[in-house]
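Please open the structure in a viewer and keep the selection panel at hand.

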Amino acid sequence: MIKQYIEDKTCVIKIDRPKYLNALNIELLEKLKEIYLKYQNSNNVRTFILTGHGDKAFIAGADIKSMYSMSKHEAHSFSKLGNDLTLQIENCSKPTICAINGFALGGGCELAMACHLRVASENAVFGQPESGLGLIPGFGGTQRLPRLVGLTNAYKILLSGSLIKSQQAFNIGLVSDIFEQKNLLNEAMKIASNINSKSSNATKYIIKSVNEGISLDISKALELETLYFKKIFEHEDRKIGISSFLQKKEPKFSGQ
Ligand code: CAA
């Protein structure tokens, strides 16, 4: 159901439920939470890559069949489980690069939007088709989509339920890069390896400052940035970074 391995301090997570185009059920959501819990404070992991097995689907949404017989209370728990996972990914001090290798629909698009970076293969397809199922998105789609692509694009995608291809997703800022399918994971690894070479403290405080500041008014958000700018001076990494620059050599950060 999930394949996971660590390579050069990057934890690669592959959703592997091909018969259902990697659709998310409760078991899969819980397994993903476990993996993040296990590695979010591990010294062996600096970044995560989240992707789907095969070349057809990243995740084609929440498991539709399992939702047919759900009571409203079960639906509440299902949405909460999904949304807790999206917050766990988003607030993790180690960034996740989502490598979208095909359909990213409904809950799949929502999981991708909780990641810090999204790169896609040329054949990837995005959308929130819930309205056509008589549903609304339940893993953050109504909240993160407008924040990422603006109200105009978000309403168009949410209300129409229509699907968009990689190029359009790139044009509206939903993904940062498009790669050939065969190179997607390799390119995601290159992005991860670049992040891994930077100060882990800087990575952590960038994520905290962005996440905590985004919903504040600008003056409060800038106060927060100033606070974290001060905090980063408590760490040895900034001495290593600045002295390496001055000595014209590559920094080797200690993470202290
Ligand atoms: N849940 C469960 N099973 C799914 C699924 C899903 N989200 N998406 C696809 N599958 C299953 C299909 O039922 C099919 O199974 P069978 O062979 O047993 O019939 C198998 O995967 C292959 O799918 P298709 O034959 O449909 O493949 P296709 O290439 O013709 O179409 C597709 C691909 C356009 C992605 C189509 O499968 C599709 O529209 N899937 C549903 C997408 C969707 O509506 N996602 C939103 C779910 S709701 C949600 O996510 C709510 C939330 O926010 C929490």
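## The ligand and its surroundings

Select the ligand together with G107: a backbone N or O atom of G107 lies 2.8 Å from an oxygen atom of the ligand, a polar contact being a pair of N or O atoms within 3.5 Å. This is a predicted model, in which local features need pLDDT of at least 70, side-chain atom pairs count only at pLDDT 80 or more, and totals for chains, interfaces and linings use all residues. Residues are numbered from 1 along each chain as its sequence is written, and side-chain values use heavy atoms, without hydrogens and water.

Next, show A60, which has a polar backbone atom 2.9 Å from a nitrogen atom of the ligand. Around the ligand there are 22 residues, each with a heavy atom within 4 Å of it; K56, A62, G107, E110 and E130 come nearest.

## Helix 4 and helix 5

Select residues 107–114, helix 4, and residues 141–160, helix 5; helices are DSSP runs (H or I, at least four residues), numbered from the N terminus. The axes of these two helices come within 10 Å and cross at roughly 55 degrees, the axes being lines fitted to C-alpha atoms over the stretch in contact, with angles from 0 to 180 degrees between N-to-C directions. Display E110, M113 and A114 of helix 4 with G141, R144, L145 and L148 of helix 5, which make the contact (heavy atoms within 4.5 Å).

Terms used:
A polar contact is a pair of N or O atoms within 3.5 Å; within protein, one must be able to donate a hydrogen and the other to accept it, and residues adjacent in sequence count only if both atoms are side-chain atoms.
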